[in-house]
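Subject: The structure I promised you

Hi,

Have a look at it first, then read on.

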Amino acid sequence: MTAPPVLDARGIDKAFLGVPVLSSVDLRIEQGEVHALVGENGAGKSTLMKILAGVHTADAGTIELGGRAVSFTHPLQAQRAGVATVFQEFNLLPELTVAENVHLGREPRRRGRIDRRAMAAATADLLADLGVDDLAPAAKVGSLSVAHQQITEIAKALSQGADLICMDEPTAALADAEVALLYRLVERLREKGVAVLYVSHRLREIFDLCDRITVLKDGRLVQCVDTADITPDDLVTAMVGRRIEAAFPERLPGTETGDVRLKVTGGGNARIDGVDLEVRAGEIVGLAGLQGSGRTEIAEAVFGIRPFTRGTVAVDGDVRRITSPRKAIKAGLALVTEDRKAEGLALNQSVRANARMVLDANAHLRSRRRLDRIPQILSGLDLVSRGDDQEVRYLSGGNQQKVVVAKWLAAEPGVIVLDEPTRGIDVGAKHRLYTQIRALAAEGLAVLLIASELIEVIGLADRIVVLHEGRIAGELPGGATEQEVMAYATGRRSTEDPA
Amino acid sequence: MTAIATAWHRLTARLAALGTTALIYLALAGVLVLGGAAVAIDGADKGANLFATANLVDMLTRTSLTGFLAIGMTLVILCRSLDLSVGYTAALSSLVAATTMDGRPENIPVAIGAVLLVSGLIGAANGAIVAFLRVNPFIATLGTGLIIKGYLDTEYKGPAGDVPELFQQFGYTRIGFIPVSALVMLALAGAAVWFLRSTRTGHHMYAVGGDAEVARMSGIRTDRVLIAAHVLCAMCAGVAGLLLAARFGTGSAEAYTNLYELDAIAAVVLGGTLLLGGRGGVAGTVAGVAILAVLDTVFNVMQIDPFAKDVLRGAVIIAAVALYARRQLDRTAARPRFAAAEGKSR
Amino acid sequence: MTRLRGPVDLLRWAANPTGTVFVLLAVIFAWIFVLNDAFFAGPSFMAFLKQAAPLMVLAAGQYFVIVSGNFDLSVGALVGAQVVIAARLIDGEESRTVPVLLVMVGFGLLVGLVNGLITTVLKVQSFITTLGMLLVLFGAIRLWTGGAPTGGLSESFRTAGRMGIEGVPVLGQIPWAVIIMVAVGAGAILLMRTGFGRILMASGDNERAAGLAGARVDAARIAAFLLSGLSATIAGILIGGYAGVSAQVGDGLEFTVITAVVLGGVVLGGGRGSVLAAMAGALAIEALFSLFNQMALPATLRPTVQGAIIIAAVAYAARRRARPGSTAPHVSATANPS
Amino acid sequence: MQTTRLAAASAAALGLLLATGCTTDSPTDAPEDETTTAAESGDEWFVQADYDEQLAQRDIEPEGDPATPWLQAIEPEWIDTSQFAREGGDATVCFSNASVSNPWRVTGWITMQQQVEVLQESGEIGEFRVSDAGDDDDQQISDIQAFIDAGDCNAIIISPSTTATLTPAVEAACESGVPVVVFDRGVNTDCAVTFIHPIGGYAFGADAAEFLVDELEPGSKVLALRILPGVDVLENRWAAAEKIFAESELEVLGNEFTGGDAAEIKNIVTQYLQRGDVDGIWMDAGDGAVAAIEAFEDAGKPLPVMTGEDELSFMRKWEETGMTALAPVYSNFQWRTPIIAATMILAGEQVPAEWVLPQDPITAAELDDYLARNEEMPSLHYAKFGGEDLPGFPDAWRDR
């Protein structure tokens with residue numbers, strides 16, 4: 001006699017302002033199952049999760065948890081019913097400690113008073129149980145690494161005694177090494193009989209971790225299959241509704257590698273050192289390395305956010321002292337930052353306002369011609385929006401990213417640094433973005449690409465510079481194998497060794 | 001030149017090492033020392049002494065009123081809200097108290113009850129407007145303040161009611177050189193500290209102020225917390241009203257003309273509570289109140305021109321906040337996902 | 001600004017936070033019209049606009065500060081200070097008018113600069129910065145004049161606030177104050193369409209993004225305070241000209257003007273709202289006072305009604321804004337007044 | 001015991017005190033609760049007895065030399081102060097001031113300081129210690145306590161910011177054994193050695209109202225402009241005027257609160273003029289009076305019959321326009337008296353228990369004279385400041 005499914009949702013409908021986002025979606029998850037929920041952005045994954053989490057309420061349909069019918073109007077009810085959710089934007093308070101965050105809203109009490117000792121103890125047990133030994137319950141969350149914040153989130157979910165944990169893009173912020181840790185956690189959950197709803201764009205993880213896969217497209221259920229019965233290609237087809245030709249587009253014809261546009265010599269500061277880097281026109285150079293290896297740090301040093309204190313930076317041959325983004329832009333650099341919402345966009349402003357932000361901010365760039373080019377740039381990136389005056393906060397993640405890219409292209413930079421350009425973007429959009437990156441190179445831009453997903457670097461870069469602990473460990477040609485890259489990234493090999 | 005620079009850096013480093021609250025008590029000590037010195041030098045001929053009993057009493061007395069208001073204000077500010085109506089609430093409370101007591105000692109308990117009820121209701125209204133109608137607290141409480149003002153102007157054309165001698169003691173008696181009102185204020189402060197640290201509602205105020213959405217997603221009923229904060233804040237204003245009544249011997253609608261609310265906010269921020277919510281506490285606020293009170297006394301003892309007082313007060317508030325503003329802003333700037341990035345931007 | 005295409009858009013526009021204020025304005029005017037249509041006769045309506053002009057100018061200035069994510073509580077005290085400075089320095093001498101006007105502009109900008117520097121460089125929340133500035137100005141000006149304004153304004157100084165172009169058909173007189181107010185408004189609208197305006201808006205919305213785009217966020221915010229100081233100066237010139245010197249000039253204006261701006265659908269915390277709506281908010285407030293007067297509403301009751309209406313209007317606008325926002329819950333929490 | 005004290009108070013006929021005294025301190029006719037207060041609030045400020053008395057006092061010839069009105073007293077009841085007599089001058093006089101937040105108080109404050117200097121020269125006063133409460137009652141209570149606790153004040157002068165609320169503090173001051181002098185607004189206790197004030201609010205309001213009644217045709221429309229509600233001195237002025245208007249043929253268009261802000265005044269008057277004619281303006285204080293007149297000028301309406309105050313800006317405008325007007329006076333020279341009284345008390349000389357100073361309005365006949373006398377003075381100066389004979393004159397008042 002098998003136990004009833006942890007989750008059995010039937011015929012879920014949801015519409016916002018009359019626009020249907022989900023129509024009659026079914027989702028069934030068994031105990032201890034790791035269930036993948038995939039689909040392009042806007043397919044309705046997040047909405048479905050938020051309905052399960054009690055953030056939104058379904059317009060129609062039934063939800064049963066362990067055989068009991070439920071209907072949530074507040075996240076609290078979902079938690080009490082055993083559904084915990086780890087959202088993409090973390091639900092943590094930087095000012096509070098790990099323990100306080102884990103128990104937020106459910107602090108243990110003794111005689112009416114919050115029992116902090118019990119809180120710390122419980123957290124310690126929880127972390128130990130997850131096999132995490134390097135995270136102190138008393139640590140302030142604001143000071144933790146992204147990975148540790150991720151763990152805190154999961155611990156929080158577990159402490160709610162959840163039978164079902166929904167994870168939205170749990171690895172989006174993690175470097176490959178840290179992903180391994182997450183794998184361990186998920187396995188642990190499986191052993192404990194906790195079911196996991198795993199939402200991700202990363203096919204590899206889905207095939208590594210998940211037992212079954214539910215595919216959504218345009219708010220409808222496409223299929224629900226055992227992972228064993230489907231190939232990655234078929235899955236992609238199911239998601240985007242068309243077969244995508246080879247995952248990474250070839251270098252476009254007519255792209256020729258020209259003069260050196262960006263040259264860093266002996267660059268270094270508090271976090272990085274001895275950086276020698278060279279990017280030529282029409283070239284895509286990939287920066288690979290584990291989280292904290294200094295990838296983003298290099299990007300930010302080059303762009304003057306946290307400038308180099310040692311060494312020189314030359315753009316198009318002449319040495320520049322780049323001590324602020326402003327100077328970087330003057331020098332013809334552009335930086336597509338890792339985090340769109342926090343660093344890339346003014347969310348309440350229109351698409352137009354955002355797209356011309358760089359031109360507005362830098363008088364020397366503002367010209368009729370450049371302003372007039374913006375519409376073409378946007379359409380060139382095939383942005384989907386309700387017109388130029390739509391506020392960007394209403395755009396999908398992919399389209400928001402396009403606005404960010406457009407913002408920089410409008411400035412006609414010579415060098416563009418892309419930091420995690422594809423984070424949280426669905427497969428289809430990713431592929432379009434890859435092609436566009438190729439196109440940029442073809443136009444003679446020097447592209448510096450940073451990605452935590454190794455395959456991206458390998459698939460796109462003409463050269464791969466691998467970092468290890470803030471220094472350049474080695475350089476590989478494009479198309480190198482992941483093993484080679486990891487060898488450098490983990491410090492097992494370095495240029496000093498005889499190759 | 002560089003020597004000074006390095007010295008400065010060493011100093012700032014030292015300060016940075018301190019907790020904000022500690023820093024504020026350091027500031028308070030500083031103000032006391034400087035004030036004491038100033039008074040001594042200024043009144044050398046008369047042998048003036050800031051720490052003479054008379055002056056100590058004066059300082060402590062001055063802390064009481066602002067203290068009550070500031071303690072309540074701390075709670076709402078922690079929730080990233082604001083209450084600009086406390087001055088009006090206090091004025092109304094003084095009238096409710098005085099008219100209810102009506103010179104009869106036996107009415108005192110009823111009067112206190114009535115005040116807490118009325119002020120509590122005002123707070124509930126503020127909270128509800130902010131929480132449910134999503135009106136910015138600045139505007140919401142400015143509005144309720146106006147509403148109360150209109151009521152006061154219409155219903156009370158001046159002082160009304162009569163506070164019995166017995167209750168006036170609350171405003172006038174003192175144990176040694178410590179006024180009863182100051183003791184009550186400190187007791188209330190203690191209670192507030194305990195409340196924020198040891199009760200869920202109190203603890204959740206930090207969460208709500210830190211990030212309302214996160215708090216909500218963690219299953220905290222943010223609306224309730226916010227309303228609770230406003231109710232408590234208004235009740236503190238009610239207590240302040242009781243103190244006014246005790247000191248006036250009657251209720252006074254005019255009390256609202258003194259912009260007590262701005263004093264309270266200034267004290268709270270001086271006390272290191274972040275105007276953006278989520279950080280700070282009542283312990284700091286008490287120090288903030290004390291700083292203002294010390295200044296007032298110093299100015300009085302030194303016979304500073306009333307208008308010069310305003311200038312100095314304004315300057316000191318800005319300077320003191322500037323002293324530790326930078327650190328605070330940086331801390332709260334850090335949001336989990338962006339912690340790394342923010343870390344670099346410093 | 002929202003472009004209107006057809007009745008549907010008109011409705012949507014009326015419903016959005018910016019539109020609300022115009023609807024409110026229409027309602028108030030309609031009511032006044034019912035009570036006393038003579039109010040809308042050219043001359044008396046011009047007189048009304050003349051009264052409203054200073055607050056509208058202040059609203060424009062305050063708008064820049066608020067939209068860039070700050071507060072300016074010092075404007076009331078600054079207006080008062082400017083009038084007193086003018087009276088004391090001019091002291092009735094026609095010849096001094098122009099130089100003193102220049103001094104006033106300089107002083108206004110100086111105050112704005114100080115506010116801006118303290119807020120951006122010293123990182124003091126603008127609420128506190130300008131609260132402190134309020135105290136400093138209030139005290140300093142009285143310290144300087146021994147408590148009550150001295151001296152007197154010249155006739156030419158008072159022209160701007162009191163006189164106008166006479167003998168205009170229908171309107172009778174077009175007050176200079178109204179012309180100046182319109183000019184300021186037009187200037188503000190144009191300014192918001194320039195790169196500076198957009199950057200100011202972006203800085204209020206997401207300062208980090210603006211900074212990474214190469215914007216000088218702090219410079220923009222300081223500029224906003226400068227504009228606020230300038231507008232307070234102009235308002236001071238208008239009010240002083242309109243009514244002459246009195247000890248209480250400017251008292252409490254800061255709260256009235258912030259209320260006005262918020263009534264105009266501008267969000268405290270920055271990044272949203274239009275300057276036109278902000279000025280309309282100021283006009284609505286003045287209209288409200290006129291309405292009270294036309295209704296012969298007991299003076300003591302007016303604050304109550306005023307408070308209730310403000311809360312209601314802002315709540316309505318807030319509700320409208322919240323609607324679409326619900327699809328993107330995580331972005332809302334970012335903006336906050338500092 | 002408060003009742004008995006009140007009885008004594010009424011016996012002493014403390015005009016101003018009673019105004020609020022009745023509603024606040026005497027249980028017999030005190031409001032049962034706030035709602036009845038509200039109900040009564042309409043006539044809360046009118047006490048027939050005080051009204052009649054003040055109106056009568058206007059016609060009583062005050063004792064003393066008319067050349068020094070600040071030393072005159074109406075129907076004084078001289079009391080012995082020998083118990084406070086003190087040897088060898090250099091007395092420390094402590095003054096708790098409500099505020100200097102309006103031109104009237106500023107002018108008086110300067111006069112007082114000048115008076116002090118004279119007495120410091122003559123060695124009667126040593127230190128003159130002042131604290132300013134900035135109109136904050138609670139602050140002033142602390143200030144007075146500070147004086148008491150300091151213990152080295154030989155005399156305490158108090159200008160209360162609000163009548164009722166300062167009573168307990170003043171009582172405390174009295175109990176400290178130091179001679180206490182109260183002036184301007186009173187308190188609900190007669191414990192002070194002397195209470196110095198001009199005739200009072202009723203007289204002020206009546207002077208103005210009667211003038212309008214005499215000068216205006218029956219049926220004329222009058223607009224009342226008031227500073228703010230709830231301040232007893234001001235409320236009394238209006239209460240008297242309200243009564244007189246009610247008994248007259250005049251129609252009161254409304255009474256508006258202006259906060260003394262010129263712009264506000266001009267707005268309100270302009271709006272009334274938009275609605276119809278206004279024949280008379282009654283003001284409870286002169287601040288911003290000129291703005292009211294300008295409103296008529298700008299609207300091109302005939303100037304009203306008007307009452308302001310002896311503030312020069314108004315009197316100059318009055319002279320310049322030749323309008324029909326009256327300048328009721330709330331004698332500013334009263335700021336000299338408390339200092340003199342304090343020294344008299346410390347010298348053991350008799351002083352009036354209640355020192356009622358004369359309070360004569362300035363009429364068209366006296367206008368030019370007073371303008372001439374104050375020619376050099378700034379526009380917000382008060383004509384009857386009574387400091388012409390002080391050494392600091394005129395610089396101290398002219399160059400503030």
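A quick definition before the strands: two strands pair if DSSP finds at least two bridges between them. Keep in mind too that this is a predicted model.

**Chain D**

With that in hand, strand β4 (residues 155-159) of chain D and strand β5(D) pair in the parallel sense, over three bridges. One thing to look up on screen is D:Ile157, whose bridge partner in β5(D) is D:Val181. Strand β5 covers residues 180-183 of chain D, with D:Val180 and D:Val182 pointing one way and D:Val181 and D:Phe183 the other way. In a regular strand, side chains alternate between the two faces of the sheet. Are those four residues of β5(D) buried or exposed? All are buried.

The axes of α5 (residues 103-121) and α13 (residues 337-346) of chain D come within 8 Å and cross at roughly 30°. Angles under 35 degrees count as roughly parallel, so α5(D) is roughly parallel to α13(D). On the α5(D) side the contact is made by D:Met112, D:Gln115, D:Val116 and D:Leu119, and on the α13(D) side by D:Ile339, D:Ile340 and D:Thr343. Sorted by class, that gives five nonpolar residues, two polar and no charged ones.

**Where C meets D**

How many residues of chain C are in contact with chain D? The count is 29 from chain C, against 29 residues of chain D. On the chain C side, α3 (42-67), α11 (217-243) and α13 (275-295) each supply at least two of the residues that touch chain D. That side of chain C divides into twelve nonpolar, 15 polar and two charged residues.

**Inside chain C**

Look at helix α12 (residues 253-263) of chain C as well. Ten of its eleven residues are buried, so the helix is largely enclosed by the rest of the structure. Among the buried ones are C:Leu253, C:Glu254, C:Thr256 and C:Leu263. After α12(C) comes C:Gly265, which has a positive phi, near 85°.

**Chain B**

Chain B has 15 helices and two strands. Of its 346 residues, 64% are buried. Taking the contacts in chain B with a separation of 6 or more, 78% join residues 24 or more positions apart.

UniProt (again an unreviewed entry) places "transmembrane region" features at residues 22-44, 65-88, 108-128, 172-196, 225-246 and 283-301 of chain B. I checked two of these spans. Residues 225-246 of chain B are 100% helix and 0% strand, with the end C-alpha atoms 31 Å apart. Residues 283-301 of chain B are 100% helix and 0% strand too, and there the end C-alpha atoms lie 27 Å apart.

**One residue in chain A**

Last, find A:Gly428, in helix α16 (residues 427-442) of chain A. A:Gly428 counts as partly exposed because it has 17 C-beta neighbours inside 10 Å. Apart from neighbours within four places in sequence, A:Gly428 is in contact with A:Glu40 and A:Val240. A:Ala128 is 300 residues away from A:Gly428 along the chain, and their C-alpha atoms are separated by 40 Å.

Cheers

Notes: Residues are numbered from 1 along each chain as its sequence is written. Chains are lettered from A and ligands numbered from 1 in the order in which they are written. This is a predicted model: local features need pLDDT of at least 70, side-chain atom pairs count only at pLDDT 80 or more; totals for chains, interfaces and linings use all residues. Axes are lines fitted to C-alpha atoms, for helices over the stretch in contact, and angles run from 0 to 180 degrees between N-to-C directions. Angles under 35 degrees count as roughly parallel, over 145 as roughly antiparallel, 65 to 115 as roughly perpendicular and the rest as oblique. Two residues are in contact if their C-beta atoms, placed from the backbone, lie within 7 Å. Ala, Val, Leu, Ile, Met, Phe, Trp, Tyr, Cys and Pro count as nonpolar, Asp, Glu, Lys and Arg as charged, and the others, Gly among them, as polar. A residue is buried if 20 or more other C-beta atoms lie within 10 Å of its own, exposed if 12 or fewer, and partly exposed in between; C-beta atoms are placed from the backbone. UniProt positions are given in the numbering used here, feature names are shortened, and annotations may be inferred rather than shown by experiment.
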